[in-house]
Amino acid sequence: MKAIILLAGYATRMYPLTKDQPKALLPLKGKPVIDYIIDQINRIPAIDTIYAVTNSKFYPHFSEWAKTAPTTIPIEVLDDGTTSNDNRLGAVGDIFFTIKEKSIDDDIFVIAGDNYFTFDLREQYDFFKEKDADTLAAKESDDIEMLRAFAVAELDPEGKVLSLEEKPQHPKSNTAIYASYFYRRKTIPLFKRYFDEGNPPDAPGYFPQWLHKITPVYAYIMDGDCYDIGTIEMYNQMK
């Protein structure tokens with residue numbers, strides 16, 4: 001299994017804090033945000049390579065970080081060639097870029113590099129293996145404004161996704177989907193089909209929104225919390 005950490009955003013909402021420093025390398029409770037993700041990836045024995053995909057602006061920062069990252073799993077930092085929000089590939093675009101660049105033919109774990117979470121990633125991985133199906137991370141919330149900023153899913157009693165909508169104005173459920181995904185090896189070719197059909201490259205939830213109509217997709221309800229550090233206010237709250 002390969003891990004893909006999405007790190008190619010420019011975090012313009014957090015300027016000036018992130019003008020010259022990538023968000024994932026900001027200190028949080030004594031260490032960089034990304035190190036918490038690495039701690040969880042270390043819990044998945046199946047993962048044999050970590051691909052940290054970033055942009056040209058922050059490639060040097062992550063290359064330096066990777067030299068002393070807290071893991072024995074090999075890390076390769078990839079530059080997606082973009083230089084600003086104007087030419088960025090988008091989250092799904094960066095997943096596809098990594099798949100093509102490294103000729104990936106394996107299960108993959110994908111996570112946004114600005115996630116700080118307290119659930120045990122091994123439990124989501126075990127759920128993925130049990131269902132033998134592509135698996136998302138989910139949590140219930142009654143905060144309607146928060147739900148409008150996430151992908152929202154309707155699930156059957158077994159956790160199978162019945163409907164999924166990215167950033168809905170009128171959420172159909174209270175189940176928010178977070179950017180932590182396990183995809184099977186057989187799903188990898190579908191990324192090309194997704195783009196061949198002209199689907200959007202940006203928010204990571206757009207791919208499972210399309211995927212669940214083609215193949216079974218399940219959601220693991222996390223036992224813990226997950227925070228998207230997208231604003232200075234949220235970052236200061238987490239510190």
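## Leu25: a loop residue

Leu25 sits in the loop between β1 (2-6) and β2 (27-28). The model is predicted. Is Leu25 buried or exposed? Its relative accessible area is 13%. Buried means under 20%, so Leu25 is buried.

What does Leu25 touch, leaving aside its neighbours within four places in sequence? Its contacts are Pro32, Ile34, His61, Phe62 and Trp65. Take Phe62 from that list. Leu25 and Phe62 are 37 residues apart along the chain. Their C-alpha atoms are separated by 8.1 Å.

## Two nonpolar cores

The largest nonpolar core has 41 residues. Which of them have the most contacts inside it? They are Ile5, Ile41, Ile47, Phe62 and Phe109.

Now look at Ile5. Set aside its neighbours within four places in sequence. Ile5 is then in contact with Ile34, Ile37, Ile38, Ile41, Ile50, Tyr51, Ala52, Val53, Ile111 and Gly113. Ile34 is also a contact of Leu25.

## Tyr206: a helix residue

Tyr206 belongs to helix α7, which covers residues 206-211. Its relative accessible area is 24%. Buried needs a value under 20%, and exposed a value over 50%. Tyr206 is therefore partly exposed.

Tyr206 touches Glu166, Tyr194 and Pro200, not counting residues up to four places away in sequence. How far apart are Tyr206 and Met1? In sequence, they are 205 residues apart. In space, they are 22 Å apart, C-alpha to C-alpha.

Methods:
Residues are numbered from 1 along each chain as its sequence is written. This is a predicted model: local features need pLDDT of at least 70, side-chain atom pairs count only at pLDDT 80 or more; totals for chains, interfaces and linings use all residues. Side-chain values use heavy atoms; hydrogens and water are left out. A nonpolar core is a set of buried Ala, Val, Leu, Ile, Met, Phe, Trp, Tyr and Cys residues joined through side-chain atoms within 4.5 Å. Buried means under 20% relative accessible area, exposed over 50%, partly exposed in between (1.4 Å probe, protein chains only). Contact means heavy atoms within 4.5 Å. Helices (H or I, at least four residues) and strands (E, at least two) are DSSP runs, numbered from the N terminus.
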